[in-house]
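Hi there,

Here is the structure I promised to pass on. My notes follow below it, whenever you have a moment.

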Amino acid sequence: MKYEAVIGLEVHIQLLTETKIFCGCSTRFGDAPNTNVCPVCLGMPGVLPVLNKKVVDFAIKLALATNCSIAPVSQFARKNYFYPDLPKNYQISQYEKPIAEHGWLEIDTQNGPKKIGIRRIHMEEDAGKLIHDESKPVSYVDFNRTGVPLLEIVSEPDIRTPEEAAQYLKTLRDIVVYLEICDGNMEEGSFRCDANISLRPMGSTELGVKTELKNMNSFKNVQKALEFEIRRQSALLDRGEKVVQETRLWDAARGVTVGMRTKEEEQDYRYFPDPDLVPVVVDKEWIDEVKNTVPELPRDKKLRFMDQYGLPEYDAEILVSDRHLADYFEETIVRFNRPKTVSNWILTELLRELNQRECSITQCPVSPERLAELLQLIDDETISAKIGKSVFEEMFSTGKSARTIVEEKGLKQVTDTDLLEKVVSEVLEQHPKEVEKYLGGAEKVIGFFVGQVMRKTQGKANPKLVNELLRKKLEEKRSK
Amino acid sequence: MVEQWTISEIRSKLLKGAISAKELIQELLSYIENHNSYINAYLTITAESALKEAEEFDNNRKLLEEKPLGGVPIAIKDCLCTRFIRTTCASKILENFVPPYDATCVEKLRKAGAIIVGKTNMDEFAMGSTTEHSAFGPTRNPWDTDRVPGGSSGGSAAAVASGMAPCALGTDTGGSIRLPSFYCGVLGLKPTYGRVSRYGLIAFASSLDQAGPIARTVEDLAILAEVISGYDPKDTTSVKKEVPRFSEILGTPVKGIRIGIPKEYFQHSIDPEIERAVEESIKVFRTLGVDFVEVSLPHTDYGVAAYYIIAPAEASSNLARYDGVKYGFRSPTEKPDLMEMYLNTRAKGFGAEVKRRIMLGTYALSAGYYDAYYIKASKVRRLIQQDFLKAFEKCDALITPVAPLQPFKIGEKLEDPLALYLVDVFTLPASLAGIPGMSVPCGLSSRGLPVGFQLLGKYFDEEILFRLAYAYHREIAYSPQIAILS
């Protein structure tokens, strides 16, 4: 039988706040174990959480970017379960009253744009980390990550294929990176994804039994795990067997999902409103304040770049992949309004130099003003495009402006007609055979002469002018 | 001698140089040494640090003069964190726990110059009404050592009543300051929820817990309340409200104040001596020009049921952190097994009453029962709040008994938890509503046991409770007695 997959994704993002969600400890990653801790995040007796306002700012930001409605009053709740990496043995999260609900975001699919619903976004604290000693039956716990703020973004089950799932994740990641609320690093776990998937006969509107997939640490793995699960569930259904509602772990090495626990084994988290934290009240003023900090989102920007600057999708996509790269592009355009030329330079020369030096666009030693100046020099034929490229490399390594480099190195194109006329005459005199050929009708030889003139001028001669002069002189010879 | 002194007497003697701070503390410590062994009010006596702090005051008179409580000894209930002083919650699970931080209210007392002389006994994790549920033995009522001192702040109340401290801090979740104050014949205030920071108060039920003072005179109670109250950025449930100078408004006339008598509180079977004490005090208030009006708090009878859902529910979560992983007691295990460690630690570390309440609360929050228990109880709680708001449209304060029974014998009700829960019937509603309440002693009953009454006020109107209690004590020429210890 033909089945349709119904997929919903739960994404956890670690927020880029300086301090933890309920105390003043640093969120820095990679410090010595248990150094970024205090009585509050260690859950010591009698301590109380105090909400970091920045976390709410970030949640509002994401809610606005994903078209959610923001709850005027939301509430923290306790999710109770025992685990040694959870010092209070409950996680402070949101349950009945999340900060944001009922949103959507648009993704690009093979069949055009598609809206994926966002069911809810809520704030919560991260847990610590267990480190197991392989040689002894001893485990250690590092509480540095305890209390690092997270947002959980739960999609509606609107996703139908593994490709759409990957596309949704990519779109969401681009957004959170653009908003500068998360670094989007899936391998390091600052952007994590769980998936719910069920199958139903094509055309049916009822939902099948779902499984929850965990432990997928890249977009590709999410896609593969879903593909595997579709095959696994289809085979079960084809045989007339039932899908068991359970949580399954993705085993990337073997390329399979493995059952972890069934619904009956699920914990009862005994959620209830956290009496230590007053409800979070977000008024219009607060939302407006945050609204001003929400940048144009990647997909909107891409469409605008294509529309406004006439860029091909390929160019636009790369330019908007990094908010600062897109800004760089637009800042250059302001001073040199040839979008495609600028895009070409950024996509080839600039990105190559950045990659070679392993630096990001924000660390780029060549400012948009300076790039524009260089392009202007090429455009007004002060230098040739070829020399322009070497000037650009020089700008990168020395930090000097294009104009300075051109002047210091005497790279200015020679446009002095008298001088060039002299050189042209010399070249023609030195190569009588080639002159004969030309006059005999082999006009292609002109390229040879141009090359000679360029050699004599160290490439600085204006090629257009050289061409003109050569033709003029040669025609003169012909008419003699 | 020193055991008799009030805060203002201590202050004036210290400032006059009639006694040095060190002498005062030494005398008090030897008094404690003589009497604590059979009262068991203190779990920890901080002789060394107390003497050191006293010496600092003796060496620096300016400090003594500047600090409003400079040199005043105080006892702290053992569920309030004290920096570098063992804080046990009267539980085996925290037997050796030494917090590296002070509770905010303790910090405020220290800043005001108070000297902590010890940590007082209590029902384990403040769960109980008798101070029998302590892992370190019961506290005895100084007026009759066969009887309970009330709880859970029984150690604090007994210490103050017996002269082992001029004043103390307790905590009140459902009556834990008011009941022992009543049973020990001292004054106790449960402030409005949010008046005093809960930071460093080891949580029993977060939405109900509130620290408050216990003392032998209204003045002393007012001075302490002033010091410990106020907004704390470390506790977002504390409220940004100015703290009135309670000690300066005590003499304000009470004529024209209207006190409500909630009829539901008198429909229970109440010990006749307790009922008579309330009636007598009403007469005294009438002579002071106070008006009385009957009011109704129709949901009073549901208070006990709602409380014994909400408080254990919160407790089941609050006490989850005591698991042997990070601090406190950890039980050895046969195998290196996490689950076994959890189970053994909590089975051996907690007492029976604490385990009973964790079970109750876990059940009330479980899937399928949450709506029927926790949500329903929360609704009842709102109805009880509304009862009070409605009653306060007709009056400025309420007068009620503190408990239906006089202090009973130690062990008498230990086998009947439900009967014990009912002792709290008159204190629980105010806790559920979050309004302030005060236990005011009247004197001794025919059996030589303390009697008194409870005053309840509007949100953040502790002021009226202080004024009424002060006027009443002045009118009856109340003079606090130290329980005579045999």
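**Across the interface**

Asp276(A) and Arg198(B) pair through their side chains in a salt bridge, 3.2 Å from N to O (a salt bridge being a side-chain nitrogen of Lys or Arg within 4 Å of a carboxyl oxygen of Asp or Glu). The count between chain A and chain B is one salt bridge. On the side of chain A that touches chain B, the elements giving two or more residues are β4 (76–80) and β15 (272–273) of chain A (helices, H or I, of at least four residues and strands, E, of at least two are DSSP runs, numbered from the N terminus).

Before you go further: this is a predicted model, where local features need pLDDT of at least 70 and side-chain atom pairs count only at pLDDT 80 or more, while totals for chains, interfaces and linings use all residues. Residues are numbered from 1 along each chain as its sequence is written, chains are lettered from A and ligands numbered from 1 in the order in which they are written, and side-chain values use heavy atoms, with hydrogens and water left out.

The contact (heavy atoms within 4.5 Å) draws 32 residues from chain A and 39 residues from chain B. Together the two chains bury about 2800 Å², 60% of it on carbon and sulfur atoms (the accessible area, 1.4 Å probe, that two parts lose on being put together, summed over both).

**A helix in chain B**

Which residues of helix α1 (residues 7–16) of chain B are buried? They are Ile7(B), Ile10(B), Arg11(B) and Leu14(B) (buried means under 20% relative accessible area, exposed over 50%, partly exposed in between, with a 1.4 Å probe and protein chains only). These residues sit on the same side of α1(B), because they cover an arc of only 100° around the axis (taken from the directions from the helix axis to the C-beta atoms). Their packing partners in chain B are α2 (21–39), α4 (61–66), β2 (73–77), β4 (167–172) and α8 (218–228). Just after α1(B), Gly17(B) has a positive phi of about 80°.

Over all chains, the whole structure has 61 salt bridges. One of them joins Lys22(B) and Glu55(B), with the closest N and O atoms 3.0 Å apart. Lys22(B) is in helix α2 and Glu55(B) in helix α3 (residues 47–59) of chain B, so this pair ties together parts 33 residues apart in sequence. Lys22(B) is partly exposed at 28% relative accessibility, and Glu55(B) is partly exposed at 34%. In chain A, a network of salt bridges links Glu106(A), Asp108(A), Arg299(A), Lys302(A), Glu313(A) and Glu317(A).

Best wishes
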